[in-house]
Amino acid sequence: MAKYVINGGRRLEGKIRVGGAKNAILPILAAVLLTEKQVVLHDCPDLLDVKKTILILESIGCKVKREGRDLIIDPSTVTSCAIPDCYVREIRSSIIFLGAMLSRAGRARVTYPGGCEIGQRPIDLHLKGLRQLGVLIDESNGYLDCVVPKMEGGVIHLDYPSVGATENIMLAAVKAKGRTVIHNAAKEPEIVDLQNFINAMGGNVRGAGTNTIVVEGVHRGFHEVEYTIIPDRIVAGTYMVAAAITGGDVLIDNVIPEHVQSIIHKLKEVGCTVQIQDSCIRVKSKHRLRAIEHIKTLPYPGFPTDMQAQFTSLLSVARGTSIITETIFENRFRHVPELVRMGANIRIDGQTAIIHGVKALKGANVVAKDLRGGAALVLAGLRAEGQTVVENAFYIDRGYEHLEVALRGIGADIVKSNDG
């Protein structure tokens with residue numbers, strides 16, 4: 001099984017580019033089902049989750065071709081409304097196909113989704129919203145069999161601003177009769193990207209990025225579209241932390257600064273210099289960084305749960321004691337015992353990590369338990385003295401495109417190995 005081998009202690013310097021966002025392209029690939037015309041997507045990251053989502057599209061009849069960083073998709077030949085179990089069990093975002101397939105075919109069959117085991121992440125909000133649009137859902141034998149004789153717009157209030165539920169309801173409502181209003185919607189940039197893609201095909205969605213989204217049902221056929229995926233704010237944030245934890249000086253290219261404001265704020269709080277110029281962010285860090293009194297993960301625009309693990313690594317070598325409270329997922333400190341193996345002094349109390357910064361981490365053999373926790377271990381390995389081996393690289397490959405190549409480009413000593 002693949003692993004990352006890192007010889008730490010190198011200061012990272014140079015320029016690194018961020019590709020299209022994983023959390024944007026996955027729902028957009030599902031949204032392709034809304035049209036029967038050709039779709040061309042630009043700046044598509046070469047990620048494990050993207051590959052598996054493409055396999056879902058191909059398994060139900062779409063033709064997909066990759067040319068460099070572009071995907072050319074012909075969705076005119078869809079032959080099935082059942083999403084194969086083998087992919088759904090591996091990619092949580094595959095549940096988004098439910099709304100898109102219902103919008104296209106009026107029926108869909110899917111098993112319960114899998115993904116990283118970072119928490120329960122129930123899909124009840126998805127199903128509750130779909131039922132309010134008239135979808136009949138039979139939950140039995142581990143499957144969701146859904147049919148909608150006639151999709152009707154409605155007013156939906158989400159009990160929590162769930163990203164997946166917001167996206168699923170948006171996709172289902174695109175061709176419903178009348179207007180759908182989603183209150184307490186998620187406000188993440190990837191929701192805005194999905195809205196923009198739907199509208200580029202001929203849809204009528206507004207309000208994404210606020211807590212109220214309005215979807216006007218459209219009954220004409222959608223047209224061909226070319227669309228560029230937004231940059232990945234979490235990958236950008238991870239590279240920013242890589243610069244910070246190594247005392248480096250790195251220019252991160254292709255970033256939307258507005259999307260990473262909470263990360264910028266926290267990096268300045270620990271003592272980094274952060275400069276913004278257009279779509280570039282430069283992070284400089286020369287000295288041992290300061291602790292942060294408190295980080296609390298929150299829905300966007302709050303501090304992202306997807307950056308909690310990376311900051312845990314950073315603060316493990318900061319001067320003083322920091323506190324991080326995880327409010328989104330209950331199992332998201334699984335990287336902490338591995339950091340402790342590297343010499344970190346971290347105590348978990350419920351959903352809170354108390355981090356007493358140490359002067360140095362020591363290289364060790366550690367195991368990635370999920371995507372962002374795995375990235376956090378790579379960051380710790382970049383800082384640590386000696387060699388660190390991060391097992392289960394496949395978790396990291398779900399969300400980081402050729403991470404070892406990108407980091408070597410700015411001076412890291414890291415290789416990916418498939419040996420033993």
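This is a predicted model: local features need pLDDT of at least 70, side-chain atom pairs count only at pLDDT 80 or more; totals for chains, interfaces and linings use all residues.

The second largest pocket is lined by 17 residues, and Arg-17, Gly-19, Tyr-239, Glu-401 and Ala-406 are the ones that lie nearest its centre. A pocket here is an open set of points on a 1 Å grid over the protein atoms alone, with protein on both sides within 12 Å along at least five of seven lines, and lining residues have an atom within 4 Å of a point. The second largest pocket holds about 220 Å³ of space, where a volume is the space filled by probe spheres set on the points, and grid points are joined across faces, edges and corners. Strand 2 (13–17), helix 8 (233–245) and helix 14 (403–408) each give at least two residues to this lining. Helices (H or I, at least four residues) and strands (E, at least two) are DSSP runs, numbered from the N terminus. By class, the lining of the second largest pocket has nine nonpolar, four polar and four charged residues. In this sorting, Ala, Val, Leu, Ile, Met, Phe, Trp, Tyr, Cys and Pro count as nonpolar, Asp, Glu, Lys and Arg as charged, and the others, Gly among them, as polar.

Residues are numbered from 1 along each chain as its sequence is written, and side-chain values use heavy atoms, with hydrogens and water left out.

A cavity is a set of grid points where a 1.4 Å probe fits but cannot get out. The count comes to one cavity of 30 Å³ or more, and about 30 Å³ of space lies in the largest cavity. Its lining is made of Leu-125, Lys-128, Gly-129, Gln-132, Ile-156, His-157, Leu-158 and Asp-159. Helix 5 (124–132) and strand 9 (155–157) are the elements that give two or more residues to this lining, and helix 5 has the largest share, with four residues.

How is helix 5 covered, and which of its residues are buried? Its buried residues (under 20% relative accessible area, with a 1.4 Å probe and protein chains only) are Leu-125, His-126, Leu-127, Gly-129 and Leu-130. Their cover includes helix 4 (97–105), strand 7 (136–140), strand 8 (143–147), strand 9 and helix 6. Just after helix 5, Gly-134 takes a positive phi of about 100 degrees.

Helix 6 (residues 163–173) also packs with helix 7 (residues 189–201), at an angle of about 10 degrees and with their axes 10 Å apart. The axes are lines fitted to C-alpha atoms over the stretch in contact, and angles run from 0 to 180 degrees between N-to-C directions. Helix 6 and helix 7 are therefore roughly parallel, a label for angles under 35 degrees. Val-163, Thr-166, Glu-167, Met-170 and Leu-171 of helix 6 make the contact with Glu-190, Ile-191, Leu-194, Gln-195 and Ile-198 of helix 7. Contact means heavy atoms within 4.5 Å.

Helix 10 (residues 308–315) is mostly covered, with eight of its eight residues buried. One of its buried residues is Phe-311, which is in contact with Ile-263. Ile-263 lies in helix 9 (residues 261–270) and counts as buried at 1% relative accessibility. Ala-376, in helix 12 (residues 371–383), is buried too, with a relative accessible area of 0%. Among the residues in contact with Ala-376 are Ala-309, Gln-310 and Ser-313. Ala-376 and Gln-308 are 68 residues apart in sequence and 8.8 Å apart in space, C-alpha to C-alpha.

Finally, some backbone details. Most residues other than glycine have a negative phi, and most peptide bonds are trans. A cis peptide bond joins Tyr-300 and Pro-301, with omega about 10 degrees, and Pro-301 lies in the loop between strand 17 (295–296) and helix 10.

Asp-278 is exposed (over 50%), with a relative accessible area of 69%, whereas Asn-392 counts as buried at 17% relative accessibility.

Notes. Angles under 35 degrees count as roughly parallel, over 145 as roughly antiparallel, 65 to 115 as roughly perpendicular and the rest as oblique. Lists of a residue's contacts leave out its neighbours within four places in sequence.
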